[in-house]
Amino acid sequence: MLASNAPDRVARTLSIPAPGPHGLDFDPEHRRLFCACDSNQLVILKADSGEVLTQLELSGSPDVIFFNRVLRHLYVAVGDPGVVDVFDTDVMERIETVPTERDAHTLGLDAERNKIYAFLPETHCAAVYVDQD
């Protein structure tokens, strides 16, 4: 973590109990961190203490993740097998697995319109997923 008054210095680190943490997003309302790890794990932590709240299985090794604050859904791109795992963060469970394309691991989020864009490298297209609560 970085301190806002000294952004060039690490103020604190958190231990992640799964190998390969790299996808990260923050839920400011509940002060939770969502960390997607190469070990096919989604680790949810308390941002202030680092306490692990839960760990959930992913469809594969993740890439980009986005948290939708309005719908309280978390989207995790998984390039192999080529899906987006969608989690309901109120109950902390996967509610959907949306097929994309193998190696599709780049996402864009339009939070105002609840749209997720997945870039498909094999077909050179973009898939648009509209999330409806």
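Let me start with a term: a residue is buried when its relative accessible area is under 20%, exposed when it is over 50%, and partly exposed in between, with a 1.4 Å probe and protein chains only. By that rule Tyr75 is buried, and Tyr129 is buried as well. I'll come back to those two.

Some ground rules. This is a predicted model, where local features need pLDDT of at least 70, side-chain atom pairs count only at pLDDT 80 or more, and totals for chains, interfaces and linings use all residues. Residues are numbered from 1 along each chain as its sequence is written, and side-chain values use heavy atoms, with hydrogens and water left out.

First, the overall picture. The chain has 13 strands and zero helices. Both are DSSP runs, numbered from the N terminus: helices are H or I with at least four residues, strands are E with at least two. The radius of gyration is 15 Å, close to the 14 Å that the globule rule gives for 133 residues, so the chain is as compact as a globular protein of that length. That radius is taken over C-alpha atoms, and the rule is 2.2 Å times the number of residues to the power 0.38. Along the principal axes, the C-alpha atoms fill a box of roughly 45 × 30 × 30 Å.

How much of the chain is buried? Buried residues are 40% of the 133. The accessible surface is about 7,300 Å², and carbon and sulfur atoms hold 49% of it. Those areas come from the Shrake-Rupley method with a 1.4 Å probe; for residues, only the protein chains shown count as cover. Now contacts, meaning heavy atoms within 4.5 Å. Take those between residues at least 6 apart in sequence: 29% of them join residues at least 24 apart.

Next, the sheets. Two strands pair if DSSP finds at least two bridges between them. Angles here run from 0 to 180 degrees between N-to-C directions, and axes are lines fitted to C-alpha atoms, for helices over the stretch in contact. Within this sheet, six bridges join β3 to β4, residues 32-37, and the two run antiparallel. Gly23 stands opposite Ala36 in β4.

A further open sheet of four strands runs in the order β7-β8-β9-β10, again with antiparallel pairing. Here β7 and β10 (93-99) are the edge strands, each pairing on one side only. Neighbouring strands are turned by 20° against each other on average, direction ignored. β8 and β9 (residues 83-88) pair antiparallel over six bridges. In that pairing, Leu74 stands opposite Phe87 in β9.

β11, residues 106-110, and β12 run antiparallel and are joined by five bridges. Asp110 has Lys115 as its bridge partner in β12. Four residues lie between the strands of that hairpin, and Asn114 takes a positive phi near 55°. β12 also pairs antiparallel with β13, residues 125-130, over six bridges. On that side, Lys115 stands opposite Val130. The hairpin of β12 and β13 has four residues between its strands too, and there His124 takes a positive phi near 60°.

Which side chains of β12 are buried? In a regular strand the side chains alternate between the two faces of the sheet. In β12, residues 115-120, Ile116, Ala118 and Leu120 point to one face and are buried.

Last, aromatics. Rings of Phe, Tyr and Trp (its six-membered ring) pair if their centres lie within 6.5 Å; planes under 30 degrees apart count as stacked, over 60 as edge-to-face, and the rest as tilted. The whole structure holds two such pairs. The rings of Phe34 and Phe67 have centres 5.2 Å apart and planes at 40°, so this pair is tilted. Phe34 sits in β4 and Phe67 in β7 (residues 62-68), 33 residues apart. Phe34 is buried at 0% relative accessibility, and Phe67 is buried at 8%.

Back to the tyrosines. Tyr75 and Tyr129 form an edge-to-face pair, 6.4 Å centre to centre, with 75° between the planes. Tyr75 lies in β8 (residues 73-78) and Tyr129 in β13, so the pair ties together parts 54 residues apart in sequence.
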